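Take a look at the charged side chains in this protein. The text below walks through some of their pairings.

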Amino acid sequence: MRKRPAISGSGTPLEHGPRPGRPPGPSRRGLLATGAALAAAAAGGTLAACSRTGAAPPEVTAPSPATGRAAAQAERALLMQVLAHPDDDLYFMNPDTQHALAAGTPLVCVYVTAGEADGRNKTPADRTPAPDKAAYSAARHQGLRQSYASQLGLPVLTRWDNGVLRLPGGFQAERSTLEHRGRRVELIHLDLAMHTPAGHMGVPALWRERGLSLRTLVPEGSPLRTVQTYDHESLIDVLVALFQRYRPTLVQTLDPDPDIQLSDRRTQLRDSEQPGYSDHADHTAVAGFSWAALIRWAQEGAGGPPAFLATAFRGYYNRHWPKNLPPRVLAGKAAHLVPYGAAPDWECGNPAGCGDYNVGGDRPLTNRKGWVRATHYRYPGPRLALQEHTDATLIAYGVLGLRAVRYDEKDGAFGDPVDLGGGPLAPVLSATALQDGRHLVCGLRLAALAGRGATQVREIVALEQRGARTYGSWTSLGNPEADPDRGRRIGVPVTVTAPDGRVHLFVRNADQGISTRVRAADRPVWSPWRDLGGGPVQDGLTAVVGDDGQVHVYAPGRHTVHHWTPGGADPLPGLPAPADAIAAAGGRLYYRPPASERLLSPGGPAVRFPGYGPVVAAGPHLLGRDLSGRVQLLTAGRRIRPATAPATLDGPALSAGRQGPTAAGLSPDARPWLWRPATTQA
């Protein structure tokens, strides 16, 4: 079994897979450094790099300190999603977007490219139509308007208000707006060309190369007739300006760090995947620009980061892992692609076309790639990490404005957030109680995220509580991968405190197994990273102390549940395949099989708890989402929903404390909710 040293900041340009002449899948060789050395280097503002030719050194930042000040809160909810192409939202972000929209959250969609591809709007009857990029782009825009009109409950051919949005720096964008019964959707098209004049992929090159500019494409019939030119900085500037203008409380992006996926060139072309990775290169580049803009917006906010949450969605990853949407949820998701795809005989009034005809009808459901059949998160897990006060009220740790925050329960609800710093952080934290009762909070930090050939760095960081309301400094625990490109693929950490007081931290690694570090029981000293092998598994690990007093880790694989103890992989043969994360409590496992609303508990009595997505367990209680996305609790054999159901993001959390089962989570307005069925307060 090979051990992975902690990352030191060495590596390669990371954006789009191996360079020509290099085999897919970067080498593991790298400079060895302990987590303490990495933290010291980061605090000094730089890291020593062992870089490949042409790779700029990483622009590593130190974690922001825990200020203890009140964090900003939003006055109203707004969801903004940043997409590479028309239809990315429909394929990869629904049903989440639809749930937020149905709850009354205003929606702004930003499409970075024109989506013109090769200009051929293919139909089942004509696979080689004459190319017309301006017309195909306009037809896809029309399809989006039709889909979102139907999602607002309006006829698909409802007329929109189309115009031009003026942005700083002299830039402009095409904007379409529609309102219905207090709900509002805006579609903003930046319309960058998908290819450079030399035929290279445009936005990936803009992210990767220095000194490059990229022109926009003018769709047929667009109210914006001016060709514009973007460079790397101006695209980030425009995205920051959109964040500042709309002040979203929830930002949805694509996946900035897709999995390594080794395929031959023919398969890559057939599946539209970039060499070496499980997603389209446009998705990865636009996600990189999106997160770079989010980090800048969070850092430039007067009086602290603005109050927003972020969610990153997997893309073509959906093809490679079990499909996790049951038939009723899938039917609703696929139905929104029908008006987007439309058909040539639709009379929509747009001479350029009425939709993306290749996506019309039942084709999303019959496509062998199966993208529509799943919705996966890049950073899965409960959005709040719950701990209990001595008076049985709850403390919740979460991420707001890319920084850690703490919420304290008072009178059955959470109070204002308190800033704990650490940013920029991925959206999911882990928290555990040390032997003396103090809390240890861990997260995944985007320590260096920049394009134009700069090395990117991801690291696991930890924060220890010192007193009731005081904390120490964030400490880097490094990365189980020596090569930064591989280090981008790791998952969010999970932690558990063993009966002997040691804290075990686990993270999914680039090989899709798991790696671990262990903190001593009596002092903040960590073991080196160790590869426990096993896998391949999805992210979304579950770490618990079993009835045997031993630490156990569970994760969803392609064909079965995978299991580890601190000694290494410990297979559990014969378990059915899971679709999502595994819940574990009381010696039992709970999970949903692929494409099913059923809940399995192998080896135990049947559990009736229909829904979709993962469940979480605490004591004898289970928490999850029903088929409409609403929170539901299973306790004492009864299925309970809040009288006033909170609009919730992915990953509600559950505690089984002295006041009974308590559910908590975050809403699209970037505020926490708390529901304790004994008091029926939501």
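How many salt bridges does the count come to? The model is predicted, and the count comes to 37 salt bridges. A few of them are worth a visit.

Start with Arg 175 and Glu 186. Their side chains form a salt bridge, at 3.6 Å from N to O. Arg 175 belongs to strand β4 (residues 172-180) and Glu 186 to strand β5 (residues 183-192), so the bridge ties together parts 11 residues apart in sequence. Is Glu 186 buried or exposed? Its relative accessibility is 5%, and buried means under 20%, so Glu 186 counts as buried.

Next, go to Glu 597 and Arg 328. Here the side chains meet in a salt bridge at 3.2 Å, N to O. This pair links distant parts of the chain, 269 residues apart. Glu 597 sits in the loop between β28 (588-590) and β29 (612-618), while Arg 328 is in helix α9 (residues 327-335). Glu 597 is partly exposed, at 24% relative accessible area. Arg 328 is exposed, at 56%.

Now find Arg 469 and Asp 408. Their salt bridge spans 3.3 Å, N to O. Arg 469 lies in the loop between β17 (457-464) and β18 (475-478), and Asp 408 lies in strand β12 (residues 403-410), so this pair ties together parts 61 residues apart in sequence. Asp 408 is buried, with 12%.

Finish with a network. Salt bridges link Asp 255, Asp 259, Arg 314, Arg 378 and Arg 508.

Methods. Residues numbered from 1 in each chain as written. Predicted model: local features only at pLDDT ≥ 70, side-chain atom pairs only at ≥ 80, totals over all residues. Heavy atoms only, no water. Salt bridge = Lys/Arg side-chain N within 4 Å of Asp/Glu carboxyl O. Helix = DSSP H or I, 4+ residues; strand = E, 2+ residues; numbered from the N terminus. Buried < 20%, exposed > 50% of the residue type's maximum accessible area, 1.4 Å probe, protein only.
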